Structure formats: structure tokens, C-alpha cells
Amino acid sequence: MAKLAGIFISTRNLKLIGIAVWFAAFVGTALVLAAFSYMQVREAMRQDAEAGLEQFVRLDESIRAAFQALRADIADAPCSAGFQLHMRKVAYLPDGLNEFFYAPGGIVECSVNVERFAQPVPLGEPDFATADGKSFWIDRDISFAGLPGMVGTIVLHDRFAAVVPRQEMKLPLPAWMKAEAVLVAPNGRWWHRSGNEWVHQDEQLSKRRGWTDGLFAVRQKVCVTEGFHCISMRAAVAELAAHYKLPVAVLLVLAGTIASWITRLALRFMRRLWSFEARFLRHLDENSIVCAYQPIIEVKTGAVIGCEVLARWRDIDDAIVYPDRFLPLVQKHELTSRFTRLVIEKAYRDLTAASFDGQRLQVNFNVFPRDLDAAALVRTFSIFDDARDRFELVLEIVECDHVDLAKGQSHIRALRRAGFKVYMDDFGTGYSTLKHLAELDVDGVKLDRSFAMAPTGSIMSEMLRHAIDMVHAAGRKIVVEGVETAERLAQLEADTARVDFAQGYFIARPLDLERFSRFVLDRSFEAVPQRNAA
Ligand SMILES: Nc1nc2c(ncn2[C@@H]2O[C@@H]3COP(=O)(O)O[C@H]4[C@@H](O)[C@H](n5cnc6c(=O)[nH]c(N)nc65)O[C@@H]4COP(=O)(O)O[C@H]3[C@H]2O)c(=O)[nH]1
């Protein structure tokens with residue numbers, strides 16, 4: 001889960017996701033547009049095929065009409081002169097059917113052309129027969145009827161048979177479209193009639209190829225209602241695309257534009273969903289708070305007297321996030337008291353489970369000025385009530401200059417009466433710090449780390465001395481934060497009359513619980529871990 005979440009929250013991955021989304025949206029949109037175009041082409045093919053089939057529909061009607069005419073009003077004996085005359089009259093009708101046989105039971109006795117055969121000619125087994133009593137001999141050599149070298153399809157109905165000459169499909173087709181007209185028997189057997197001889201066969205085979213066939217060709221097959229005549233059509237996708245270059249280019253640009261729009265929406269949604277702010281608000285709970293413990297020493301003895309609890313937040317990809325990133329959100333969303341409670345509870349679970357060899361430790365918590373409400377804080381810290389003999393609680397009021405002096409004073413006093421120590425944090429950073437130092441009845445003051453961290457000889461480092469003077473004059477305990485060098489610690493050690501406590505990377509970085517516990521137990525522990533080790 002953490003790995004999966006990590007994919008979405010990394011900016012680099014979001015770019016890759018954007019590319020993937022664009023690509024998928026482009027393919028999806030292009031497929032939809034292609035499917036739409038495919039249906040349009042198929043519809044055009046259907047209309048062309050229907051137009052092409054009209055001549056076969058007319059042919060079927062002519063055959064039916066010819067049979068009706070042949071059977072009508074024949075009083076003359078079969079193959080007599082009057083009979084022949086009657087057949088000839090039907091043959092002269094302008095319907096393209098010029099040869100008829102009198103062939104009861106499939107044995108030709110006379111025809112328009114030969115009149116009476118010396119020997120009746122049996123047509124043999126028909127290629128197929130239909131339910132309405134018609135028999136068909138496809139592309140039969142009809143030389144026997146005095147028409148040497150001629151081939152025609154014989155349709156026998158009742159006693160008469162019509163010879164149907166080969167029909168050429170009269171259909172103007174675009175270059176990219178191939179078509180074949182076929183005659184299909186009820187049993188599925190089929191015969192080429194006209195057009196491109198391979199198209200129907202290819203259509204039959206395409207069924208075996210499945211959906212992949214559609215990637216290469218657009219097909220259409222239309223049959224007349226009776227089902228004998230069909231026209232199969234095929235257009236190669238590549239040929240179509242080559243023929244319609246401009247529309248294809250327009251479709252691709254359209255697909256690209258739609259894909260870009262979808263990608264923008266998707267990324268905006270993902271950013272909102274996976275933004276740091278959204279993640280933090282969704283997942284801020286007792287499981288995501290991590291506490292680091294930065295040791296505080298007594299300068300005079302070098303003994304570890306306790307620690308400052310520093311909060312971190314575990315992101316959903318398990319990355320540890322530092323306060324500079326999430327504290328502004330805590331304040332913006334007015335989650336300060338809830339956040340402080342989560343930190344206190346986490347620290348309580350951690351510290352009460354750890355061993356400090358019976359040593360009573362001072363535990364410093366950071367408290368937002370807006371949460372400086374003695375009753376609420378006493379309630380929040382009540383979780384520590386059963387561990388007060390092991391831990392002395394110190395509240396460091398951050399951004400003290402934001403505290404209303406009159407109100408702050410009464411809450412600070414109430415907190416001290418309730419057994420808490422109260423410190424002003426980051427002394428020296430705000431505008432009205434001095435006034436607050438003078439008026440707030442705090443136990444101690446933490447000098448802002450920028451004093452101790454300043455290089456020796458700099459104005460800031462000079463000011464460290466003056467800051468210590470001021471706090472000392474106010475009669476408060478002093479903690480110097482940001483001790484990063486041996487030289488700075490030595491300077492403080494030379495001033496133990498005024499400086500009480502020190503904290504900083506030279507002493508120890510913020511540690512995880514296990515290392516903090518070891519640090520307390522083993523003073524020789526040299527803690528120089530990396531910042532992100534906490
Ligand atoms: N360069 C340098 N830095 C040092 C040294 N020694 C300590 N620090 C850093 O100074 C900060 C001390 O905390 P702070 O002044 O209370 O300043 C804290 C505090 O104002 C706030 N904060 C941290 N945890 C909490 C919390 O649980 N509640 C509240 N309200 N604020 C918190 O975030 C601030 C920053 O905390 P962190 O990033 O943990 O940074 C910590 C600590 O890692 C040093 O020798 N050199």
C-alpha cells in the first residue's frame with residue numbers, strides 16, 4: 001500500500017502517470033472515433049451492397065414472372081408448334097431471359113432454341129433445390145441445347161426451366177472497396193457470380209480470425225431477403241486510411257486534444273486527492289504521528305535531564321515528514337489542540353513503555369499559543385497522571401509573542417499550580433519578546449537556536465551573551481538550543497552560573513525512542529545520526 005501510494009505522491013511519477021493517462025486516453029478516444037468511423041464505412045458499404053443487389057432482385061422477379069407466363073394459358077400439347085410459339089413469346093420479353101426448356105422431372109424434351117430434342121436430355125442431379133420446389137444447376141454447359149460453348153444457370157420450376165446468363169455486377173465502387181456477388185444455396189454452398197472473386201471466401205475465413213480481423217479490414221455482407229444472392233464487401237483499413245488522409249489526421253488531432261483535456265482533469269483530480277495537504281488531513285491520526293526525543297543536558301554536570309518531544313508525521317508512503325511542512329497545515333486547519341493531544345498520547349505510549357533505569361526525566365512538549373488554556377491542557381495531559389513520578393512535564397509555549405499577556409499570565413500560573421513547568425520557546429525571535437519575558441511568569445526560557453548556531457565572532461553569537469544576560473536578569477532558567485559545536489558547549493560550560501541547560505546536535509540529534517533510551521542509560525553514547533534517522 002505504501003509503495004502504491006508512493007507512486008501517486010511523487011511529482012516525477014505524477015508526470016509519468018500523466019503521460020500514461022494521456023496515452024490511454026488517446027488510444028481510448030482514437031478507438032471510439034475509429035469505431036464510429038468503422039460504423040460509418042460499414043453503413044456506406046451496406047447502402048452500396050443494397051444498390052448492387054437490386055439487379056439480382058430484379059432478376060429473381062423476372063424469373064418468377066417468366067415461369068408464370070410460361071405456365072399461363074397453354075392449351076397446346078407440350079413441345080407442339082403452338083407450345084413452342086408460346087415459349088418463344090416469353091423468351092422475347094426484354095428481361096434478359098432468352099432460353100427456356102420444357103423439362104418435366106429434370107429431363108429436357110424441347111427448348112426455345114432446339115424445339116423438340118431427338119433424345120430427351122436428363123439434367124442430372126441439381127446443385128441444390130429450394131423449399132418452394134425450384135431446382136438449380138449452376139453454370140451448366142448448355143451446348144446440348146444448340147448453344148455451343150455457352151454456360152448458364154438453369155432454374156427448374158415445375159415443368160419449365162429458365163436459363164439465366166451470368167450477371168455482371170453493375171456497381172460503381174470506390175478504389176478502396178472490393179465486392180463480390182455470390183449465389184448461396186440453402187445448405188451454405190456458394191458460387192461466385194461477379195466482382196472480386198476472393199472477397200466472399202475471405203469474409204468466411206475472417207470469422208475464424210476473430211476480432212483481430214477488424215484491425216485490418218472493414219467488412220459488410222448483405223443478402224436479398226430470399227437469401228440466394230449476397231454481396232460481400234471488404235475495405236482494407238490501410239487503404240482506407242491512405243485514401244482519407246485528411247479526415248484521419250483530423251481524427252487523430254481530435255483524439256489528441258480530447259486526451260489532453262482528460263489528462264488535465266485526471267491530474268488535477270489526482271493532485272487534489274494526493275496533495276500533501278489532502279494526505280495530511282486524511283491520515284492525521286495516532287498511527288501517523290511519530291515522536292523524536294532530543295536530549296537536554298544540564299550544563300553544569302553534563303547529565304541528561306530529559307528531552308524535548310519533537311513531532312514528525314509519517315506520510316502514506318512511510319516517508320517521515322518534518323514539522324516545517326505540516327505545522328502550517330495544522331494551524332491553517334485549526335487542528336492545533338488535536339495535534340498536540342496526538343503528540344502527547346504518542347509520547348506517553350512511547351515513554352511509559354521505555355526503560356530509563358528509574359531516572360525521573362523532564363519531558364518538554366511544544367504548545368501552540370492559541371491552545372494556552374490551562375483547564376484544557378490539564379485535561380489533555382491527564383494521560384500522564386499515572387506517570388508523573390517518572391516524568392516531569394514542561395510546556396514550551398512556541399511563538400510566545402502571540403500570547404495575550406493578561407490571559408496568558410493567568411493560564412501560565414494555573415498550569416504551574418497544576419504541577420507543570422512552563423517555558424518560553426524561541427526567545428529572541430519575536431517582536432514583543434522582551435515584554436513577554438518581563439511579564440509572563442514562566443519557569444524558564446529557551447533561547448532561539450539561531451544564537452547558538454551563529455558562527456563565533458558574528459553579531460548573532462555576540463548577542464547570545466546578551467540574551468543570556470537578559471534572561472538571567474529576569475530570573476528565569478535558561479536553555480540554550482542549537483548547540484552544534486564543542487566550542488559552543490565549552491562556552492556555555494564556562495557560564496554555568498547563568499546557563500542551566502543545553503540542547504543541540506553536538507549533544508544529540510532528535511532520536512527515536514530506542515536510541516533516546518540508550519542515550520539516557522549510557523552517557524558514553526555518541527549520537528551523531530543523520531537528521532532523517534529520527
Ligand atoms: N540546526 C539545528 N537544529 C537543531 C539543533 N538542535 C535542535 N534543533 C532543531 O530545533 C528544533 C527545536 O524545536 P523548537 O525550537 O521547539 O522548534 C520546533 C517546534 O516549534 C515545532 N514543533 C516540533 N514538534 C512540535 C510539536 O509537537 N508541537 C508543536 N506545537 N510544535 C512542534 O517545530 C519546530 C522545528 O522542529 P524540528 O524540525 O524538529 O527541529 C527541532 C530540532 O531538530 C541544532 O543543534 N542545530
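How many of the seven residues of strand 15 are buried? In this predicted model, the answer is five, and strand 15, spanning residues 361-367, is therefore described as mostly covered, given that a residue counts as buried when 20 or more other C-beta atoms lie within 10 Å of its own. Strand 15 has partners on record in two other strands. With strand 13 (residues 304-314), strand 15 runs parallel, and three bridges join the two. One handy landmark here is E308, whose bridge partner in strand 15 is N364. The pairing with strand 16 (residues 391-397) is also parallel, and this pairing extends over seven bridges. Here N366 can be followed across to E396, its bridge partner in strand 16. Between these two strands comes helix 11 (residues 374-380), and strand 15, helix 11 and strand 16 make up a right-handed β-α-β unit.

The protein chain holds 17 helices and 20 strands. Of its 534 residues, 31% are buried. Among contacts with a separation of 6 or more, 60% are between residues 24 or more positions apart.

Four strands form an open sheet in the order 9-8-11-10, with antiparallel pairing. Strand 9 (190-195) and strand 10 (217-223) are the edge strands, each pairing on one side only. On average, neighbouring strands of this sheet are turned by 25° against each other, direction ignored. Seven bridges connect strand 10 with strand 11 (residues 229-236) in the antiparallel sense, and V222 has I231 of strand 11 as its bridge partner. Two helices pack on this sheet. Helix 2 (residues 11-71) touches strand 8 (177-184), strand 10 and strand 11, and its direction makes about 35° with that of strand 10. Helix 4 (residues 199-209) touches strand 8, strand 9, strand 10 and strand 11, with its direction at about 75° to that of strand 11.

F100 sits in strand 1 (residues 99-102). Why is F100 classed as buried? The reason is that 25 other C-beta atoms lie within 10 Å, and the cut-off for a buried residue is 20 or more. Neighbours within four places in sequence aside, F100 is in contact with L70, M87, V90, A91, S111, V112, F160, A161 and A162. F100 and A145 are 45 residues apart in sequence, while their C-alpha atoms are 9.8 Å apart in space.

Finally, one stretch can be set beside a database record. An unreviewed UniProt entry lists residues 246-267 as "transmembrane region". In the model, this span is 100% helix and 0% strand, and its end C-alpha atoms lie 31 Å apart.

Definitions and conventions
Residues numbered from 1 in each chain as written. Predicted model: local features only at pLDDT ≥ 70, side-chain atom pairs only at ≥ 80, totals over all residues. Pairing = 2+ DSSP bridges. Axes fitted to C-alpha atoms, helices over the stretch in contact; angles between N-to-C directions. Contact = placed C-beta atoms within 7 Å. Buried ≥ 20, exposed ≤ 12 C-beta atoms within 10 Å, placed from the backbone. Right-handed = clockwise from strand over helix to strand, strands pointing away. UniProt positions renumbered as here; feature names shortened; annotations may be inferred.
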